[in-house]
2 protein chains.
Amino acid sequence: MIPTEQAPPVFGRAREFVAPAMRTAVGRLSAEMRPVAEYHFGWADADGRATGGGGGKGVRPALAILSAEAVGADAVIGIPGGVSVELVHNFSLIHDDVIDGDVERRHRPTVWATFGIGRAVIVGDALLVLAQQILLDPAGTLQLDRVADGDASRRAAARIADSTAAMIAGQALDVAFEMLPTVDVAGCLAMEGGKTGALLGCAAAIGAELAGAPSEHVAALDRFGYELGLAFQAVDDLLGIWGDPARTGKPAWSDLRSHKKTFPVAAALAAGGAGAAELAALLATPSLSDVQVARMAALVEQAGGREAATEEATRRLGAALVAIDSPFFVAAAQAELAEVARFVIEREF
Amino acid sequence: MIPTEQAPPVFGRAREFVAPAMRTAVGRLSAEMRPVAEYHFGWADADGRATGGGGGKGVRPALAILSAEAVGADAVIGIPGGVSVELVHNFSLIHDDVIDGDVERRHRPTVWATFGIGRAVIVGDALLVLAQQILLDPAGTLQLDRVADGDASRRAAARIADSTAAMIAGQALDVAFEMLPTVDVAGCLAMEGGKTGALLGCAAAIGAELAGAPSEHVAALDRFGYELGLAFQAVDDLLGIWGDPARTGKPAWSDLRSHKKTFPVAAALAAGGAGAAELAALLATPSLSDVQVARMAALVEQAGGREAATEEATRRLGAALVAIDSPFFVAAAQAELAEVARFVIEREF
């Protein structure tokens, strides 16, 4: 979680709007599923006792609220969008942990590790459907006084369905990549664009969609979120190799140890030559020693993979900011979107 | 699959309308997921070779088409509804097999047994989202000339989301029941209403919803499908105990062997007395001999469980037919709905 004093003020505002609606939404789940969801969100422990914590970083709700404000609407209109995107994001976390066999998330055992694969699959499914119900009937599901009209709600629901489909396709590509010896840069970007870019694009556009903004303004906001997602992912890839173990909570060169073919690795392989060949051979080595992992990190860096990922992050952040650089957007909200983007990226470096 | 000469003609008509649209819909999945879905539908084998078969019984598409016709609309309007309901049904089959650990379906290895749990989870997710995309943008996704207007599409999408949520809650209840020593009749009906009734109700109503029919007519059709679902489930529960192994493809007393607490068992337990106590003790016995399983079947029958389930099937079928007994519905379609209902139930006996 972000310490409040460091984060841009919009995070606090978004939390105030979206957090109660998230509780209302999750409260709609049946008694068999609700405790599992509350555990996942960090609101309760595995025995159902309230923790008083949880809720994640809140980047997506902040973008959804700003996206309504950027087109001159009241933040309230964006609430169902923020809730829906947050539900889809968490559906994907719960299912991805099943798919990847990951046993820990946010320093706690994952849902499937705690409640079993069956309940993790069911509760993920339930959150995904809930995300649709929230957008298709915001007044009924969230008991809000002011909601978008039916046509805007339908377009918002279609937008989140399309983004979710892209996200799932990205995850399917990621799983397929694990079987491949190497991955090229284009494939890597397609995968990351789906897994991370699509839903962040939706988060940044859905408030404007709910507000009934013209489609080209909605598309520009989507582009902002998509590019921000790819910038974030490039930074995440850098941290996965060169991140400080004390800050990431993972061992040094973590992604290389687990043979993850991320952007820096793909860029290094694309450089060709003896270094790339040695790197490819190490990627194909099932069990790696510390010396071998350190050698891989050095090879990726020598072949320009680290520099390429750093440039990618900067370029994508720039593209995100260009996308919303338009007089159509309310200046204050535009400035806050830029602030969120810089904060998300810089915090990670 | 139903031999065409026995089935009511609407099955063939529905197949003609919905089967090509199903292929178009599944064709939208990415290259990593499409072969897994095509295997599940029986269109291809595990190596991706076309089988020329598959497609399931087609009850849901038939109901969706008739539901449009029943309110005086063209069957074409119901196509996206038929596709969407069929996609949700198949999402649930793929995930339920993961959740229940079932290795065989329709005489073939299940998706997770063939492609692994990860891919089964992902492809199920993708079908669920596809079902929403089809309803929210029928023209774009299915390339149909004539589709429902935006408002009807939104209501249809909300309807299928609500039914899917009820179905998932029913599945969660079913999983929870496995942990309990016994289950009461009300709990059993709540579970079956969710697992089977909700989506059949949606199938029988969604064509009318897409056609923009008045809400009370849509609700009556939903009630028809819901009651039919519970009738079907009561018959299925009877077959799960007393079905002919040569016809069901399962061993005799199959559900009792696997300790399933279905309606006949719940009804027998509710009768109380020494028989119910003996039945409860056998239900709590981890590994059952053939003699013990035969004894359970006799106990359920003696306590009236078989008769109660038979009566339940008849009563629910009657309630289904009453629900659509209204001059508002087009007589020919109404007659065909009744024909489908009787066929679905009688075929199973």
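1. A residue is called buried here if 20 or more other C-beta atoms lie within 10 Å of its own, exposed if 12 or fewer do, and partly exposed in between, with C-beta atoms placed from the backbone. Helices (H or I, at least four residues) and strands (E, at least two) are DSSP runs, numbered from the N terminus. By these terms, 12 of the 12 residues of helix 3 of chain A are buried, so this helix is largely enclosed by the rest of the structure.

2. The model is a predicted one, in which local features need pLDDT of at least 70 and side-chain atom pairs count only at pLDDT 80 or more, while totals for chains, interfaces and linings use all residues. Residues are numbered from 1 along each chain as its sequence is written, and chains are lettered from A and ligands numbered from 1 in the order in which they are written.

3. Chain A contains 17 helices and two strands. Its radius of gyration, 20 Å, is close to the 20 Å that the globule rule gives for 349 residues, so chain A is as compact as a globular protein of that length; the radius is taken over C-alpha atoms, and the rule is 2.2 Å times the number of residues to the power 0.38. The C-alpha trace of chain A spans about 65 × 50 × 35 Å along its principal axes. Of the 349 residues in chain A, 55% are buried.

4. Helix 3 of chain A (residues 59–70) reaches 16 Å from its first C-alpha to its last, close to the 16 Å expected at 1.5 Å a residue; the expected span is 1.5 Å times one less than the number of residues. Its buried residues include Arg60(A) and Glu69(A). Just after this helix, Gly72(A) takes a positive phi of about 85°.

5. Helix 6 of chain A (residues 117–136) has its end C-alpha atoms 29 Å apart, which agrees with the 28 Å that its 20 residues should span.

6. Two residues are in contact if their C-beta atoms, placed from the backbone, lie within 7 Å. Leaving aside neighbours within four places in sequence, the contacts of Ile160(A) include Ser84(A), Leu135(A) and Ile206(A).

7. At the interface, 37 residues of chain B are in contact with 37 residues of chain A. Helices 4, 6 and 8 of chain B each supply at least two residues of the side that touches chain A, and the largest share, 17 residues, comes from helix 8. By class, this side has 21 nonpolar, nine polar and seven charged residues; Ala, Val, Leu, Ile, Met, Phe, Trp, Tyr, Cys and Pro count as nonpolar, Asp, Glu, Lys and Arg as charged, and the others, Gly among them, as polar.

8. Chain B can be laid on chain A with an RMSD of 0.0 Å by a turn of 180° and a shift of 0.0 Å along the axis, which is the relation of a two-fold axis. The superposition is by least squares on the C-alpha atoms of residues with pLDDT of at least 70 in both copies. Arg154(B) comes closest to the rotation axis of the residues of chain B, at 2.7 Å (C-alpha).
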